[in-house]
Every structure is written in C-alpha cells, then in structure tokens.
Amino acid sequence: MAHKDDSKEKVVFVGDSRVRRGNGFITPPDYSAYPGKSEAFIPNFLLKEWMVGVVVLVGILVLTISEPAPLGFPANATATVIPIPDWYFLFLYQYLKLPYASGDYIVLGTLGVTGVAFGSLLLAPFLDTGRERRFYRRPIASSLMFLSLAAIVYLTNTAWTEYKHEMAETGQIPEDVQREEKAAENRAAGLPTTTVVQTKDIAIVDKDDPAMALYKQASCVSCHAVDMKGTGGPPSLRGVGDKHDKAAILTIIKEGKGQMPPMYETAMGAGLSEQDIDDLAGWLAKQKSEQ
C-alpha cells in the first residue's frame, strides 16, 4: 500500500483477482420438483406456444381451402339497404345505439367509456401484479374478463336480432339467406352451388386448318398469342365468332377497331394474298364457344 506522495513508490493492490473457471454449457435447472409452477422458457414453454400456433394456423388453412369465400351479389345503387358492419364490430355498433352513448352523450360514449376501457386494458399488467396464473385465484381480473365477454356476446346478439327484425319489417331478404336459397336450388338442379365464377376454356375450332398457318404468318400471334388467348391487353380470339361474322372480321382487319390498327397492309406485307386474308377471316368466324 502507498502512504506517501512519492510518485515512484511501488503501489501494490491487495485483492482476489482470480476468475472462476467455466464449466462449459450451463444445464437448465430441473423444475420437476415444482410441478405446474415453473418451467424453462426455452425450449419447454416456447415449444408449446409454437405447437399451439401451428395447430391453429393449419386449422385456418383447412377451413379456407374447404370453404372458399363466397362472392356477393352485384351491387345495386338503387336498392334500399339497412347498413350494418361486419360481425366482429356488431357489439360496438349496438353499443353506440344506447341512449348514454349517442345523441347528447356521443362524446361520453365514444371517448369517455371507451377511453376508460382501453386505459384499463393498458394498465392491467401494472395493476394485476400477482404471481398466480390460475384464473379462479385472480377474482378481480377474471371477473372483469367474464363481464367483458358477456357484454360483447349480449351486444352482438342484440344487434343481429334487431337487424333481422328490421329486415322483416321492410320485406328485405338478407344476402346470406338468398345465397343459401340459390345454392339449394342449384343443388336440386344438379348445378354448382358455389358463387365462384367458373371460367370455361374455349377450344380452338379446326386447329389443323391451313388458316392456322396464315394466322401465324400474318403476325396475329404478336398480340393474340399462338394459343389465341391474347397477351393481356389484346382480347382472346377464342369464341370471336360468337360476336363477329366473317364480314365484320374482314372490316376489323382492314379498318381496325379500338386500339387495334388496320392489319390488312401488314398481312399483305407478310406475304398473304387477298384470298388468304378472306380464308383467315372465315376461319376466325368459325371460332365459336359451342360447336
């Protein structure tokens, strides 16, 4: 130890500077002596959470694949409808119809009550600091949870019941009921019951006709593709005979239509004769959806 102000004096630090030797990988403690009270976070607790998440995700995917989302009926701007939110907002919709949450008390209903509810939810981890995890040993938190669930179920059921009564009074049929009735009619008639649009692939008529080679030679494939299904912007030529006859197709080739420029000179420049163009128009006129 140093006792003087001499800068050249040797200073000796007294203490234990030894560092304990490590034992390698630290084995997680054994919690078997405390069943149901504590467990290792990794991997015990985390693995169980992941397994539950995977089961829920697989269940949602199975439901999505087995029951595709139905398409609604075409919108009708002149129809008289009763507005209603999605089912998961029905309890809020009904809550805002209560006397103390609407009218002169709209501020109290939208900011006051909801502010207290969300504020309590945010403060719950700080107010409920007990270590007990069993819900029946946490009476205050459990009571608030069951009270909230009961209120949500009650408001949701009330909103839906009133909506059905309003629909019955105005003589309207809910869309889900119309969809079920339509599906029942289709099932009885042997038709598809889904509302998903079923696209029918139209086949090429007389694919071996020499006009098919003229179609490729005239550069039609650059816009309408080799399979005649179009390339995105230009339309498909499969079934074009349902809309245009031979004379109309010849007029389109010579004068163009819409964004399509006249293609008569282009076809002549590609080596086609007038007879070839006439044959090509006749072949296109035969391209109909049903033969």
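1. In this predicted model, residues 24 or more positions apart supply 59% of those contacts in the protein that have a separation of 6 or more. Of its 291 residues, 17% count as buried.

2. The secondary structure consists of ten helices and zero strands. Along the sequence, the elements accordingly read α-α-α-α-α-α-α-α-α-α.

3. An unreviewed UniProt entry annotates residues 45–65, 105–127 and 139–157 as "transmembrane region". Two of these spans may be set against the model. Residues 45–65 are 100% helix and 0% strand, with 31 Å between the end C-alpha atoms. Residues 139–157 are likewise 100% helix and 0% strand, and here the end C-alpha atoms lie 27 Å apart.

4. Two packed helices are described by the angle between their axes and the distance between the axes. For helix α8 (residues 246–255) and helix α10 (residues 274–285), the axes come within 8 Å and cross at roughly 125°. The crossing of α8 past α10 is right-handed.

5. On the α8 side, the contact is formed by Lys-246, Ile-249, Leu-250 and Ile-253. The α10 side contributes Ile-277, Asp-278, Ala-281, Gly-282, Leu-284 and Ala-285.

Definitions and conventions:
Residues numbered from 1 in each chain as written. Predicted model: local features only at pLDDT ≥ 70, side-chain atom pairs only at ≥ 80, totals over all residues. Heavy atoms only, no water. Axes fitted to C-alpha atoms, helices over the stretch in contact; angles between N-to-C directions. Helix = DSSP H or I, 4+ residues; strand = E, 2+ residues; numbered from the N terminus. Left-handed = near helix turned anticlockwise from the far one by under 90°. Contact = heavy atoms within 4.5 Å. UniProt positions renumbered as here; feature names shortened; annotations may be inferred. Buried < 20%, exposed > 50% of the residue type's maximum accessible area, 1.4 Å probe, protein only.
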